[in-house]
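User: I would like to learn how to read a protein structure, one feature at a time. Please take me through this one.

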Amino acid sequence: MERRSHPRVPLDTPHFAELFLGDEHIKVLLVDVSQGGLQLAFSPGNLEPEEMLGLSVTVRELPPVLDPDKKGITGKIVWLAPQRCGVRFAQLLVVPEGEILEFSESL
């Protein structure tokens, strides 16, 4: 059963970002995005996933449509899967869903 309140927009073309967890940061792949969060993929061995659940994070190097001020987006890791995680944003994106969809189609 789908529990998301905002539709996810999958990205067909890779976009790399940086995930900051305190002093650590790793390169991640943006998989999909919604107004309320995003899914990231990462290489094995970069982090111990069981230690990530519930952590507050900042995602930087996002496309300008998602982060126009280039300050990064803060959130919390709310789910984990092998080499993937879900981040729920601390605040909803102010980008309309239509612009997120346009962004994904322009890649």
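## Reading strands, core and contacts

Analyst: Val 57 is found in strand S5. Keep in mind that this is a predicted model.

User: Is Val 57 buried or exposed?

Analyst: A residue counts as buried when its relative accessible area is under 20%. Val 57 has 3%, so Val 57 is buried.

User: Which residues is Val 57 in contact with?

Analyst: Setting aside neighbours within four places in sequence, Val 57 is in contact with Leu 19, Phe 20, Leu 21, Ile 73, Thr 74, Gly 75, Ile 77 and Val 87. Take Val 87 from that list: Val 57 and Val 87 are 30 residues apart in sequence, and their C-alpha atoms are 8.1 Å apart in space.

User: How do I read the pairing of strands, and which strands does S3 pair with?

Analyst: Look for the bridges between two strands and for the sense in which the strands run. Strand S3 covers residues 24-33 and is joined to S4 by 4 bridges, with the two running antiparallel. S2 and S3 are also antiparallel, with 6 bridges between them. Strand S1, residues 9-10, is joined to S3 by 2 bridges, again antiparallel.

User: Which residues stand opposite each other in these pairs?

Analyst: Glu 18 stands opposite Lys 27 in S3. The bridge partner of Pro 10 in S3 is Asp 32. Asp 32 also stands opposite Gln 39 in S4.

User: Ser 34 lies in the loop between S3 and S4. Is Ser 34 buried or exposed?

Analyst: Ser 34 counts as buried, because its relative accessibility is 7%. A polar atom of the Ser 34 side chain lies 3.1 Å from the backbone nitrogen of Gly 36. Beyond four places in sequence, Ser 34 is in contact with His 6, Pro 7, Arg 8, Phe 89, Leu 93 and Ile 100.

User: How do I read the two faces of a strand, and what does S4 show?

Analyst: In a regular strand the side chains alternate between the two faces of the sheet. In S4, one side carries Gly 37, Gln 39 and Ala 41, the other carries Leu 38 and Leu 40, and all of these are buried. Since 5 of the 5 residues of S4 are buried, the strand is largely enclosed by the rest of the structure. S4 also pairs with strand S7, residues 84-89, in the antiparallel sense over 5 bridges. There the bridge partner of Ala 41 is Arg 84.

User: How do I read a nonpolar core, and how many residues does the largest one have?

Analyst: In soluble globular proteins, nonpolar side chains tend to be buried together. The largest nonpolar core here has 25 residues, and those with the most contacts inside it are Leu 19, Leu 38, Leu 40, Leu 62 and Leu 93. Two or more residues each come from S2, S3, S4, S5, S6 and S7. S3 gives the largest share, 4 residues. As for Leu 40, the residues that it touches include Leu 19, Val 28, Val 59 and Val 87.

User: How are aromatic rings described, and how many aromatic pairs are counted?

Analyst: A pair of aromatic rings is described by the distance of the centres and the angle of the planes. The count here is 0 aromatic pairs. A ring can also have a charge over it: the charged end of Arg 60 sits over the ring of Phe 20, 4.5 Å from its centre.

Terms used:
Residues are numbered from 1 along each chain as its sequence is written. This is a predicted model: local features need pLDDT of at least 70, side-chain atom pairs count only at pLDDT 80 or more; totals for chains, interfaces and linings use all residues. Side-chain values use heavy atoms; hydrogens and water are left out. Buried means under 20% relative accessible area, exposed over 50%, partly exposed in between (1.4 Å probe, protein chains only). Two strands pair if DSSP finds at least two bridges between them. A nonpolar core is a set of buried Ala, Val, Leu, Ile, Met, Phe, Trp, Tyr and Cys residues joined through side-chain atoms within 4.5 Å. Contact means heavy atoms within 4.5 Å. Rings of Phe, Tyr and Trp (its six-membered ring) pair if their centres lie within 6.5 Å; planes under 30 degrees apart count as stacked, over 60 as edge-to-face and the rest as tilted. A charge sits over a ring if NZ of Lys or CZ of Arg is within 6 Å of the ring centre and within 35 degrees of the ring normal. A polar contact is a pair of N or O atoms within 3.5 Å; within protein, one must be able to donate a hydrogen and the other to accept it, and residues adjacent in sequence count only if both atoms are side-chain atoms.
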